[in-house]
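Open the model in your viewer and keep the selection panel at hand.

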Amino acid sequence: MTTIIDSHILPSEFLKRNVIIDFYFPPGKSFHANEVSLLLINDGQDLITMNFQKILDKLCDSISPIICVGIHCGPDRKNEYGTMGALNYNGLGSKAIQYNLFILDELLPFIRRELNIRSFKEKSFCGFSLGGLTALDMVWNHANEFSKVGVFSGALWWRTVCQDSPDFCEDSHRIIHNEIRYGLFAPWLKFFFSTGTLDEIADRNNNGIIDSIDDTLAVIDELVKKGYNPQSDIQYLELPDGRHDVATWARAFPTFLKWGWGIK
């Protein structure tokens with residue numbers, strides 16, 4: 001059987017644009033509403049590139065029923081994505097609050113109406129690069145709505161002060177790290193992170209670890225300090241030859257799906 005794809009265009013008052021939404025349904029669509037999970041995915045256009053339908057087809061017998069919703073980004077991606085509590089040092093992320101409102105007040109109600117499902121077994125969010133940072137920010141700040149988050153090559157360096165500034169301190173100016181450090185502990189949340197050793201070459205603190213891995217491990221450290229169990233609550237996948245590209249995220253996605261929804 002084959003995963004079913006259904007596309008829609010959702011006009012958004014908050015984003016002032018039409019948003020392309022792709023639904024990926026379990027083969028046969030034979031499930032009860034309270035037994036199916038929902039996974040929202042930023043940069044949904046990348047799912048087409050990675051042939052996401054084929055990934056789901058291969059896993060259909062090994063994961064529990066899940067509806068995946070790919071949210072295509074818009075032309076102002078660097079402002080719609082980001083962290084809603086603070087702008088990047090160069091002012092990016094100025095529409096992150098509107099994107100949060102779009103997800104909560106427009107997209108989720110649309111999904112419930114379209115599928116005639118009032119309540120899912122659970123709701124999760126994931127994304128790639130800046131979309132991964134946005135997914136983490138969304139789940140962390142709306143833990144009442146979500147249970148899991150997946151961050152693939154996340155732009156976790158997002159900061160309030162330029163790294164070239166003499167005032168820059170990575171321990172205090174990385175936004176998502178501060179959100180976790182000073183945020184509330186939601187014990188039900190689960191976290192998946194994926195990086196590649198060839199994600200980038202930058203190493204701002206000259207410790208021999210590229211920044212994308214360094215920033216991800218630092219987020220995990222903050223989560224552990226907050227009270228999350230590194231064995232049961234957090235999964236970290238590091239691909240030795242992984243790059244900052246769709247092909248690498250396609251390789252990591254099956255591990256994410258089996259981690260979050262695998263049938264034991």
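In which sense do strand β2 and β4 pair, and over how many bridges? Select strand β2 (residues 17-25) together with β4: the two pair in the antiparallel sense over 4 bridges. Pairing requires that DSSP finds at least two bridges between two strands. Helices (H or I, at least four residues) and strands (E, at least two) are DSSP runs, numbered from the N terminus.

This is a predicted model, in which local features need pLDDT of at least 70 and side-chain atom pairs count only at pLDDT 80 or more, while totals for chains, interfaces and linings use all residues. Residues are numbered from 1 along each chain as its sequence is written, and side-chain values use heavy atoms, with hydrogens and water left out.

**Strand β4.** Stay on β4 and pick Cys 68; Tyr 24 stands opposite this residue. Ser 37 has Ile 66 in β4 as its bridge partner. Now colour β4 (residues 66-71) by accessibility: 6 of its 6 residues are buried, so the strand is largely enclosed by the rest of the structure. Buried means under 20% relative accessible area, exposed over 50%, and partly exposed in between (1.4 Å probe, protein chains only). Ile 66, Cys 68 and Gly 70 point one way, and Ile 67, Val 69 and Ile 71 the other. In a regular strand the side chains alternate between the two faces of the sheet.

**Ser 194.** Go to strand β7 (residues 190-198) and select Ser 194. Ser 194 is buried, at 3% relative accessible area. Leaving aside residues up to four places away in sequence, its contacts (heavy atoms within 4.5 Å) are Val 151, Phe 152, Ser 153, Leu 237 and Ala 252.

**Helix α7.** Select residues 175-182, where 6 of the 8 residues are buried. These are Ile 175, Ile 176, His 177, Asn 178, Glu 179 and Ile 180. To see what they pack against, show α5 (130-141), α6 (170-173) and α8.

**The largest pocket.** Finish with Ser 129, Ala 155, Trp 157, Glu 200 and His 244, which lie nearest the centre of the largest pocket among its 18 lining residues. A pocket is an open set of points on a 1 Å grid over the protein atoms alone, where a 1.4 Å probe fits, with protein on both sides within 12 Å along at least five of seven lines; lining residues have an atom within 4 Å of a point. Helix α8 (residues 211-226) gives the most to this lining, with 3 residues.
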